[in-house]
Amino acid sequence: GIGAAIVLGLLKDGYRVSTCSRSRTDLIDRTREEFADRFFWSECEAGEAAEVDQFVHEAMEWAGSDGVWGLINNAGVAGAGILASFPNANIEHILKVNLLGALQMARAVSHQLLRRMDGGRIVNISSIIGTRGYNGLAAYSASKAGLDGLTRALARELGRRQITVNSVAPGYVKTQMSLTLNAGQLKQIVSRTPLGRLANEEDVVHVVRFLLSDNAAFVTGQTILVDGGISC
């Protein structure tokens, strides 16, 4: 949900967008038809270094002389279960996609950004779970906390070259949380949220749009919570 909303939102804003996913979907085909000259997609498995490098290479070739100016790390998976009985394979998969994949993508893209000599943007899509935790989401929480740590460290590494690095940490988003929380849990979350609702994809897109803009040129190393005030 969030990834598709970001891609479509930026395309409508006039950006050229390169993206990847594990498999091709009807939405990808429709987007190709509507934005044929400004949209590139390739199959890529987050956490597989060779596939990540190949995707970035293909994206650079497609971009041509314009190169790549920004990266949004959004690939992520969740999994619920008490850690004591949570399968090792599930833990490894969550960390591989959510954290290792983001590290690999940031490594490949930051190399290209440093060659541009005119700044750039990296935006990591984190989660409120990375800062607050949640019962049954230990592995997911650890992966998102790691992503926020990556944000702060990379902001220091790249700042002198005017490349900003920030995290956007959504609160409880309908499309994500409906997969792991029951109706009673969702109702409780809404009641605890000062704005009285769950987040939607557009709430996240607006903040990503800001961080990519010139208006955010002096914002870096931050984790911006988009949570309706539940963390107050």
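1. Let's start with strand 3, residues 70-73, in this predicted model. Leu71 and Asn73 form its covered face, while Gly70 and Ile72 lie on the uncovered one. Strands here are DSSP runs (E, at least two residues) and helices are too (H or I, at least four residues), numbered from the N terminus.

2. A word on how to read the numbers: residues are counted from 1 along each chain as its sequence is written, and side-chain values use heavy atoms, with hydrogens and water left out. Because this is a predicted model, local features need pLDDT of at least 70 and side-chain atom pairs count only at pLDDT 80 or more, whereas totals for chains, interfaces and linings use all residues.

3. How confident is the predictor? The pLDDT, its confidence in each residue from 0 to 100, averages 93 over the chain, and 98% of the residues score at least 70. Where pLDDT is low, the predicted coordinates should not be read in detail.

4. Back to strand 3: it runs parallel to strand 4, joined by four bridges. DSSP must find at least two bridges between two strands for them to pair. Ile72 has Val123 as its bridge partner in strand 4.

5. Together with helix 4 (residues 88-116), strands 3 and 4 make a right-handed β-α-β unit. Right-handed means that, with the strands pointing away from the viewer, the path from the first strand over the helix to the second runs clockwise.

6. Helix 4 itself deserves a look. Its 29 residues reach 41 Å from first C-alpha to last, close to the expected 42 Å (1.5 Å times one less than the number of residues). Even so, helix 4 has a kink of about 40°, centred on Lys96; the bend is the angle between axes fitted to the seven residues ending there and the seven starting there.

7. Please check two residues with positive phi. Met117, in the loop between helix 4 and strand 4, has a phi of about 70° although it is not a glycine. Gln162, also not a glycine, has a phi near 60° and sits in the loop between helix 6 (138-158) and strand 5 (163-170). Met117 counts as exposed because its relative accessibility is 62%, and Gln162 because its value is 54% (buried is under 20% relative accessible area, exposed over 50%, partly exposed in between; 1.4 Å probe, protein chains only).

8. Finally, Leu225 belongs to strand 6 (residues 223-226). Leu225 touches Thr131, Ala169 and Ser231, not counting residues up to four places away in sequence, where contact means heavy atoms within 4.5 Å.

Methods: pLDDT is the predictor's confidence in each residue, from 0 to 100.
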